Amino acid sequence: NYPCEIVVVNDGGGQAVLPVGTGGIACPPLKLIHHETSRGRAEAGNAGVRAASNAFIAFLDDDDLYYPEHLETLTRAATSRHTAWYSDAISAFVRDGRTHTRLRIYAQDFDRDLLAIDNYIPLPSLLMRRDDFLDAGGFDPQFDLFEDWDLILRLAKRGDLLRVPRVTCEVRHFEGGTSVVLSAPEGSEEFRAAKMRVWEKHGVDHATFARAIEKQKRRLTDAHSHAATARGETDALRHDVDRLTREKEEVLAQNAQAQDTLNGYAMRVRELEATAHSLQAIASDYHNKTIAVERLTRENAQLRDTNGIAHQELERARVEIARLNGLLEMIYRSKTWKLHTTLERIRGRG
């Protein structure tokens, strides 16, 4: 992600083939420096810087890795008044082409005393001015191990270095390869001897060691305090998680019970709905029957009225019959009727 000049130093390796770009992306300007026989890491680095023309330089060994934002991040920081600039880096260990361990051990603010005791700035994470590199004498060919540390100590005497707290590259170590860390691991005789040579060259005295140890002691104390606090917070969080887990299980059980209750209510609602439908049918039937009863009531009232009229007529008929009976009785008792009866008997009609 940054327009740069690339100088490749082939230090006694096989035939180098320059890339021409891939995927339609052209390769940036590239120079090849070829050494027929290996001259060592220091001489290879110096040759590459001498062949470069950019005002700023950065180094990348063939087994390490830049992230796409690496150069852009450091050049943006290079506007400050510092001697050099460096980012954080990952230490990656590769086996059979796969990274099995990644450690963020390169993440330390600039401190001269600590830098004098041990190097915490890997070379791929560093950006510097080309003139400063050359004025400082470049890499010391007397060092095949820690040549980068020796250079950084000399740069630090010119001014402060600025840390950019962002991981932008990887220092990779291939098991079975030629990695310096793997060929001379920390704790080996070669490793200790190389460190002694750096300390002797730069005159690291007991006072520097004492200051560095005190700073590291404070850092370890702070780290231990933070770790203890973190453990306490972790334990508290674990208890909270356990409690919340129990509460979650209780809530789930309550939800299941509530769901069963809701299902029961739903069944009851369906039953009530069926009952409501039945009641609605009954109400409809009752309404129809009420209408029929009202009609019959009206008819019954009409019949009562008719019956009353008939009863009155019957009473009048009874009165009339009684009157007529009374008249007949008078006729039967009269002399005229008796005479009529005698005559009828004489005539043979009686």
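Is Lys 195 buried or exposed? At 10% relative accessibility, Lys 195 counts as buried, where buried means under 20% relative accessible area, exposed means over 50%, and partly exposed lies in between (1.4 Å probe, protein chains only). This is a predicted model, in which local features need pLDDT of at least 70 and side-chain atom pairs count only at pLDDT 80 or more, while totals for chains, interfaces and linings use all residues. Residues are numbered from 1 along each chain as its sequence is written, and side-chain values use heavy atoms, with hydrogens and water left out.

**Salt bridges**

- The count of salt bridges comes to 31, a salt bridge being a side-chain nitrogen of Lys or Arg within 4 Å of a carboxyl oxygen of Asp or Glu.
- One of them joins the side chains of Lys 195 and Asp 118, at 3.2 Å from N to O.
- This pair links distant parts of the chain, 77 residues apart: Lys 195 is in helix 7, and Asp 118 is in the loop between helix 3 and strand 9.
- Helices (H or I, at least four residues) and strands (E, at least two) are DSSP runs, numbered from the N terminus.
- Asp 118 is partly exposed, with a relative accessible area of 34%.
- Asp 88, Arg 104, Asp 109 and Arg 163 are linked in a network of salt bridges.

**Helix 8**

- Arg 295 and Glu 299 form a salt bridge through their side chains (3.2 Å, N to O).
- Both residues of the pair Arg 295 and Glu 299 lie in helix 8, four residues apart, about one turn of the helix.
- Arg 295 counts as partly exposed at 39% relative accessibility, and Glu 299 counts as partly exposed at 36%.
- A salt bridge also joins the side chains of Glu 313 and Arg 316, with 1.8 Å from N to O.
- Glu 313 and Arg 316 are both in helix 8, three residues apart, about one turn of the helix.
- Glu 313 is partly exposed, with a relative accessible area of 43%, and Arg 316 is partly exposed, with 44%.
- Gln 216 is in helix 8 and counts as partly exposed at 32% relative accessibility.
- In sequence Gln 216 and Leu 114 are 102 residues apart, while in space they are 8.1 Å apart, C-alpha to C-alpha.

**Nonpolar core**

- The largest nonpolar core has 35 residues, and those with the most contacts inside it are Phe 59, Leu 115, Ile 121, Leu 126, Met 128, Phe 133 and Leu 161.
- Such a core is a set of buried Ala, Val, Leu, Ile, Met, Phe, Trp, Tyr and Cys residues joined through side-chain atoms within 4.5 Å.
- Two or more residues of this core come from each of helix 1 (40-51), strand 7 (84-95), helix 3 (112-117), strand 9 (126-129), helix 5 (147-156) and helix 7 (189-201).
- Helix 5 gives the largest share of this core, six residues.
- Leaving aside neighbours within four places in sequence, Phe 133 has contacts (heavy atoms within 4.5 Å) that include Asn 46, Ile 57, Phe 59, Met 128 and Leu 151.

**Surface patch**

- Leu 328, Ile 331, Tyr 332 and Trp 337 form a nonpolar patch on the surface, with about 360 Å² of accessible area together.
- The largest share of this patch, three residues, comes from helix 8 (residues 206-333).
- Trp 337 is in helix 9 (residues 335-346) and is partly exposed, with a relative accessible area of 33%.
- Patches are made of residues with over 30% relative accessible area and no salt bridge, with like charges joined within 9 Å and nonpolar side chains (Val, Leu, Ile, Met, Phe, Trp, Tyr) within 5 Å.
- Accessible areas come from the Shrake-Rupley method with a 1.4 Å probe, and for residues only the protein chains shown count as cover.
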